[in-house]
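Thanks for coming. Please look at the sequence and the model first.

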Amino acid sequence: MQDIRTVASQIIDNVATVIVGKRDAIELVVVALLADGHILIEDVPGVGKTTLAKAIARSVGLSFKRVQFTPDLLPSDVTGVTIFNQKTSEFEFREGPVMAQIVLADEVNRATPKTQSALLEAMEERQITVDGETYVLPEPFLVLATQNPIEYEGTFPLPEAQLDRFLMRVNLGYPERGDELQVLATRQREQPIDDIQQVVTLEEVFAAQEAVKDVYVDPLVSNYIVDISRATREHNDVYLGASPRGSLGLFRAGQAMAAVGGRDYVVPDDVKRLAESVLSHRVIVSPAARIRSVDTRAIVAGILDFVPVPGASAA
């Protein structure tokens with residue numbers, strides 16, 4: 001597991017030179033990369049969401065494409081289109097931006113549901129279908145989608161099926177005062193993202209992703225994960241709880257988090273640290289709870305306080 005920890009630390013340290021003061025958020029993105037999952041970054045404009053995606057791609061040497069989602073964006077603008085080449089008298093496929101290893105779907109909730117659905121097959125099956133032809137996406141494949149949680153005018157909320165395909169929801173938040181001063185100082189003449197270099201190879205990332213699958217998860221920890229997921233379905237303020245895909249996502253993310261920490265086994269603290277990021281966006285509150293402005297993160301936090309931790313005894 002030390003090899004995985006080294007790979008993760010190199011990526012995190014490299015990205016942290018650009019995204020100042022957000023090491024925890026960077027670590028979550030790296031955990032998602034090692035767990036082969038997608039990330040939804042929900043935050044206000046200008047906190048570094050696009051820069052984070054670029055820095056991750058450059059640190060690992062992955063191909064990177066950015067799609068600005070707008071109401072007039074078409075599904076073919078994302079997946080690609082088949083055109084007729086008059087020179088060869090044949091149809092040929094012109095690939096869209098989704099044919100990259102890291103895809104930044106910027107302001108994904110500004111596109112229509114029809115365009116949003118273009119990402120569903122890509123995120124789950126790691127392939128796209130255009131005009132009856134199926135094209136396999138490159139590996140690793142990571143979607144980093146962003147949305148503004150404040151401004152909802154002219155947006156189309158992501159459906160539950162698409163939210164469920166994101167392994168985690170991450171918030172960057174505003175930097176601390178000292179970190180913001182450091183950002184001003186380092187960007188006086190140039191952008192640090194222009195100087196960021198690749199620190200690990202693609203082969204090292206593939207090896208780390210495979211090694212993560214061998215991290216041991218005790219049956220007690222597996223039961224703890226299932227108990228947390230089931231508690232979201234039985235909560236009084238919840239209309240729709242976390243799906244079994246959420247349990248599996250928490251399981252895999254826990255393996256990756258343990259490996260990043262240099263361990264070959266998952267502990268309950270890994271699950272508790274990840275539960276809010278992995279499960280909160282999969283929970284839909286009831287209409288009555290929505291009127292009271294009940295937050296899904298608070299629901300998951302309350303469940304963590306309620307569900308017994310494996311190995312713990314009552315005081």
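E2 and strand E5, residues 102–106, are joined by five bridges and run parallel. Val67 has Ala105 in E5 opposite it. Two strands count as paired if DSSP finds at least two bridges between them. Strands are DSSP runs of E with at least two residues, helices are runs of H or I with at least four, and both are numbered from the N terminus.

This is a predicted model, with local features needing pLDDT of at least 70 and side-chain atom pairs counting only at pLDDT 80 or more, while totals for chains, interfaces and linings use all residues. Residues are numbered from 1 along each chain as its sequence is written, and side-chain values use heavy atoms, with hydrogens and water left out.

The pair belongs to an open sheet of five strands, ordered E2-E5-E8-E1-E9, with parallel pairing. E2 (64–68) and E9 (168–170) are the edge strands; each has a single partner strand, so one side of each has no neighbour in the sheet. On average, neighbouring strands here are turned by 20° against each other, direction ignored. Axes are lines fitted to C-alpha atoms, for helices over the stretch in contact, and angles between N-to-C directions run from 0 to 180 degrees.

Which strands does helix H2 touch? H2, residues 23–34, packs on the sheet against E1 (39–42), E8 (142–147) and E9, and its direction makes about 160° with that of E9. Contact here means heavy atoms within 4.5 Å. Helix H3, residues 49–60, lies across E1, E2, E5 and E8 and runs at about 175° to E5.

There is also an antiparallel pair: four bridges join E6 (residues 127–130) to E7 (residues 133–136). Ile128 stands opposite Tyr135 in E7. The two strands make a hairpin with two residues between them, and Asp131 in the turn has a positive phi of about 55°.

Now the helix pairs. The axes of H2 and H11 (residues 244–260) come within 9 Å, crossing at roughly 115°. The crossing is right-handed, meaning that the near helix is turned clockwise from the far one by less than a right angle. From H2, Glu27, Leu28, Val31 and Leu34 meet Ala253, Ala256, Met257 and Val260 of H11. That contact divides into seven nonpolar residues, no polar and one charged. Ala, Val, Leu, Ile, Met, Phe, Trp, Tyr, Cys and Pro count as nonpolar, Asp, Glu, Lys and Arg as charged, and the others, Gly among them, as polar.

H10, residues 219–234, also has its axis within 9 Å of that of H11, and the two cross at roughly 145°. H10 passes H11 in a right-handed crossing. Ser222, Ile225, Ser229 and Arg233 in H10 meet Pro244, Ser247, Leu250 and Phe251 in H11. Here the division is four nonpolar, three polar and one charged.

What do the buried residues of H12 pack against? They pack against H2, E9, H10, H11 and helix H14 (296–306). Among them are Val271, Leu274 and Val278. Buried means under 20% relative accessible area, exposed over 50%, and partly exposed in between, with a 1.4 Å probe and protein chains only.

Last, Ile4, which sits in helix H1, residues 2–16. Its relative accessibility is 4%, so Ile4 counts as buried. Beyond neighbours within four places in sequence, Ile4 contacts Leu34, Ala208, Ala211, Val212 and Ala259.
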